[in-house]
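Here is a short report for a first look at this structure. Take the headings in order.

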Amino acid sequence: MRTLMMTALVGAVSCAVAQAAPVSEAGRSAQSAAGEYKAAVMDCDMSWCFDYMYPPIKRTLADRLASRTQGNDMDYITGLRKDKNEQAAERLKKNLEALRAQYEAMGRQMKAGGFKVERFVVGAPYAEYELVSSSSAVRNIKAGSQEKTYRNPDEIKWKGDRSRLVVLPTTLWFSAPDPSTGRRVRMERRDFIYAVRDEAYHNNVNTRGTEPGKWYFIDSNTPVSTLRSYFPTLPLNVRTPDTGDRLLQ
């Protein structure tokens, strides 16, 4: 899985997302939170990316890294296992430390290789979803270009966990040496990120390790099938913008 920061450092979305449709409070909040890591993107700060990665995915990535390096087959998608909690917690801690070290090394390698970010912009929300425990209650808050207003989330009847996912376009302008010629090449690349905020927990029990009201971020390269392992009510046809590169003169 490509890292979130790598996506931010080499990605952006199409200009088509600049729509006139109103943006919800949650959408504005997600965009603002994403804008806060602009300085980290500019400085290739991969540790920031690690710190703001959605915790369940962070645990899974840490487990996969450990599986490759240590033969560890534990999976922490939904939190620590009930058996041998102390050992599992210690193992998870070590795995997370190893993953963080890998991210920090990526940032150092990018700087050493001459990768330089010139500008980074987070665009207006492209799509927004409120996700609840019942598949019948999921609602695409921004169903398409023909929908001019956001529906009222209070109309949704839900029981248990509730999360919100916002698709945010990003635009990155960067330069890096061409490996074949050594000449510095300037590029514009379009991509997007997912912003996720957990807003309620089943019986007020939080098994995801998230802070209430805090936005976390997920790599655009994450398959929808993987997202649905965390958010079962997420539609298969999640609206995402086109991505692409453009060589700058």
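## Burial and overall make-up

A residue counts as buried under 20% relative accessible area, as exposed over 50%, and as partly exposed in between (1.4 Å probe, protein chains only). Arginine 164 is buried by this rule, with a relative accessible area of 7%. Of the 249 residues of the protein chain, 50% are buried.

This is a predicted model: local features need pLDDT of at least 70, side-chain atom pairs count only at pLDDT 80 or more, and totals for chains, interfaces and linings use all residues. Residues are numbered from 1 along each chain as its sequence is written, and side-chain values use heavy atoms, with hydrogens and water left out.

The protein chain has seven helices and seven strands. Both are DSSP runs numbered from the N terminus: helices are H or I with at least four residues, strands are E with at least two. From the N terminus, the order is α-α-α-α-α-α-β-β-β-β-β-β-α-β.

## Salt bridges

A salt bridge puts a side-chain nitrogen of Lys or Arg within 4 Å of a carboxyl oxygen of Asp or Glu. The count is 14. Glutamate 199 and arginine 164 form one of them, at 2.8 Å from N to O. This pair links distant parts of the chain: glutamate 199 is in strand 5 (residues 184-200), arginine 164 in strand 4, 35 residues apart. Glutamate 199 is partly exposed, at 22% relative accessibility.

Arginine 246 bridges to glutamate 188 at 3.3 Å, N to O. Arginine 246 lies in strand 7 (residues 244-248) and glutamate 188 in strand 5, so the pair ties together parts 58 residues apart in sequence. Arginine 246 is partly exposed at 42%; glutamate 188 is buried at 6%. Shared partners join Glu128, Glu130, Arg162, Arg164, Arg197 and Glu199 into one salt-bridge network.

## Aromatic rings

Rings of Phe, Tyr and Trp (its six-membered ring) pair if their centres lie within 6.5 Å; planes under 30 degrees apart are stacked, over 60 edge-to-face, and the rest tilted. The whole structure holds seven aromatic pairs. Phenylalanine 115 and phenylalanine 174 have ring centres 5.0 Å apart and planes at 15°, so they are stacked. Both residues are buried. Ring pairs also link Trp48, Tyr52 and Phe217 into a cluster.

Most residues other than glycine have a negative phi. Cysteine 44 has a positive phi of about 55°. Cysteine 44 lies in the loop between helix 3 (38-42) and helix 4 (46-51). Cysteine 44 is buried, at 5% relative accessible area.
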